[in-house]
Amino acid sequence: MEANQSSEFTNKIDYSKFIKGRVVQGATQLTISEADILNLNEIKEKDDFLSDFLKDFNFNKNTSIVERNMSYTCYMFEFNQTTYEIKVGNKDDALFLSKENKLLKRVAKKNFTLEPIGYSEGDFYCYLLTLHQHGIPISNIGIDKITDQLDIFAKYLSNFHNSFEYKKNQRKQFEEDFFAYGNFEYIMGKDLYYKCLRDKKIQTLISALKNIKENYIMHSDFPENETTLCHLNLNIKNILYRSGNYRFINFTNSYNLNPFWDLAFLCINYNFHEFPILQEQFFNKYQEYSKFNKKITYDLFLNYKSLAFKLQFYKLICDYIYKAFLVQDQDNLLDLFIKYQQLRPYIESEMPGYLMFSDDVFYQFG
């Protein structure tokens, strides 16, 4: 991620489009720019696979942006009556996209996700080209689609996990990679990092990250047995629904772990803490179909969920620092507020000492 050297950390976030404590929904218009089009066409011309596969095709205003994040931009386009998606990053993002490419090749064979077409790296770029997965994100149809079909979804998720069994558990690597997200000195560069540290709020936020990590380590000392492929980012945008079937997308955060990590993150993402009976029903249904961890108790699952909460709280603070610091992201922080609304009950019950501070950070009006 490249940060703007001339930007200043902002203490004023514009939350004018919503009211504290209310259910909120926001949409960001992702309009493709001339710079996007030029960059895509330059990559296409320089890359042997793309120039051959997309012969006589040029990216234009009809190309749309599906998603922008700090690792890549995902575009959608039509060519020869087929819809494709292409994730494009710079050379430094190759680690994420090459990893996803390898995973998609395995997962697509079992009909759980979209089909990869090609991956390549160049001097200044990397990209992952896939077929477009036709389906409706749960974010567009509401989580009722899952809660109303809890048995069907639990069976689908368990079938996904049942299809991938590994001997090597990647939990240590997963944790190291996750906490590396808070290595601001490396990601921002020393000059920009020490400039950030002049702000007292950033100092407090970085101190909070250290304490959250220590709290996580203190409570994470329990063994994992079976290992499978875990998506680890099953939010409302990464689960698609079509004709009675579910599909998962975006595997850049996936690792081989105990499958209950996926259940833990999913229950947080879907606010199951508000419906404890529903959450336990989901756990029991999953256990009914799963070949993993038949002896695991509901209480141990809650321990996984507690760890998953701490990791999400850690990442939320990191995202706040990155997005609030970068000029181009200062007007696009609504997603962080929504995520904080999800995590607030956990902060209140498990880390209440941070509640007043975190409320001040995420409920701050400009």
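# Asking why: sheets, helices and one histidine

Modeller: Let's start with an open sheet of three strands in the order β6-β9-β10, with antiparallel pairing. Bear in mind that this is a predicted model.

Colleague: What makes β6 and β10 edge strands?

Modeller: Each of them pairs on one side only, so β6 (136–137) and β10 count as the edges.

Colleague: And how do you know that β9 and β10 pair?

Modeller: Pairing takes at least two bridges. Strand β9 (residues 239–242) and strand β10 (residues 245–248) have four, so they pass, and they run in the antiparallel sense. You can look up individual bridges too: Leu-240 has Arg-247 in β10 as its partner, and Arg-242 has Asn-245.

Colleague: What sits between those strands in the hairpin?

Modeller: Two residues, and one thing to look for there is Ser-243, which takes a positive phi near 50°.

Colleague: Which helix packs on that sheet?

Modeller: That's α6, which touches β9 and β10 and makes about 45° with the direction of β10.

Colleague: How do you know that the length of α6 agrees with what a helix should span?

Modeller: Helix α6 (residues 150–162) has 13 residues, and at 1.5 Å a residue these should span 18 Å. The end C-alpha atoms are 18 Å apart, so the two values agree.

Colleague: Which residues of α6 are called buried, and what makes them so?

Modeller: Buried means under 20% relative accessible area.

Colleague: Moving on to β7 and β8, what makes them a pair?

Modeller: Strand β7 (residues 165–166) is joined to strand β8 (residues 227–230) by two bridges. The cut-off is at least two, so they count as a pair.

Colleague: Now the helices. Why are α14 and α15 called roughly antiparallel?

Modeller: The axes of α14 (residues 334–350) and α15 (residues 355–362) cross at roughly 170° and come within 11 Å, so they are roughly antiparallel. The contact includes Leu-336 and Phe-337 of α14 and Leu-355 and Phe-362 of α15. By class, it has six nonpolar, one polar and three charged residues.

Colleague: What about α11 and α14: how are they angled, and why is that the name for it?

Modeller: Their axes are 9 Å apart, at an angle of about 110°. That falls within 65 to 115 degrees, so they are roughly perpendicular. Cys-267, Ile-268 and Asn-269 of α11 meet Lys-339, Gln-342, Leu-343 and Tyr-346 of α14. These residues divide into four nonpolar, two polar and one charged.

Colleague: Last one: where is His-273?

Modeller: His-273 is in the loop between α11 (260–269) and α12 (276–289).

Colleague: Is His-273 buried, exposed or partly exposed, and why?

Modeller: Its relative accessible area is 22%. Under 20% would be buried and over 50% exposed, so His-273 is partly exposed. Leaving aside neighbours within four places in sequence, His-273 contacts residues including Cys-267, Gln-342 and Tyr-346.

Colleague: How far apart are His-273 and Gln-342?

Modeller: In sequence they are 69 residues apart, while C-alpha to C-alpha they are 9.2 Å apart in space.

Notes: Residues are numbered from 1 along each chain as its sequence is written. This is a predicted model: local features need pLDDT of at least 70, side-chain atom pairs count only at pLDDT 80 or more; totals for chains, interfaces and linings use all residues. Side-chain values use heavy atoms; hydrogens and water are left out. The expected span of a helix is 1.5 Å times one less than its number of residues. Axes are lines fitted to C-alpha atoms, for helices over the stretch in contact, and angles run from 0 to 180 degrees between N-to-C directions. Angles under 35 degrees count as roughly parallel, over 145 as roughly antiparallel, 65 to 115 as roughly perpendicular and the rest as oblique. Contact means heavy atoms within 4.5 Å. Ala, Val, Leu, Ile, Met, Phe, Trp, Tyr, Cys and Pro count as nonpolar, Asp, Glu, Lys and Arg as charged, and the others, Gly among them, as polar. Buried means under 20% relative accessible area, exposed over 50%, partly exposed in between (1.4 Å probe, protein chains only).
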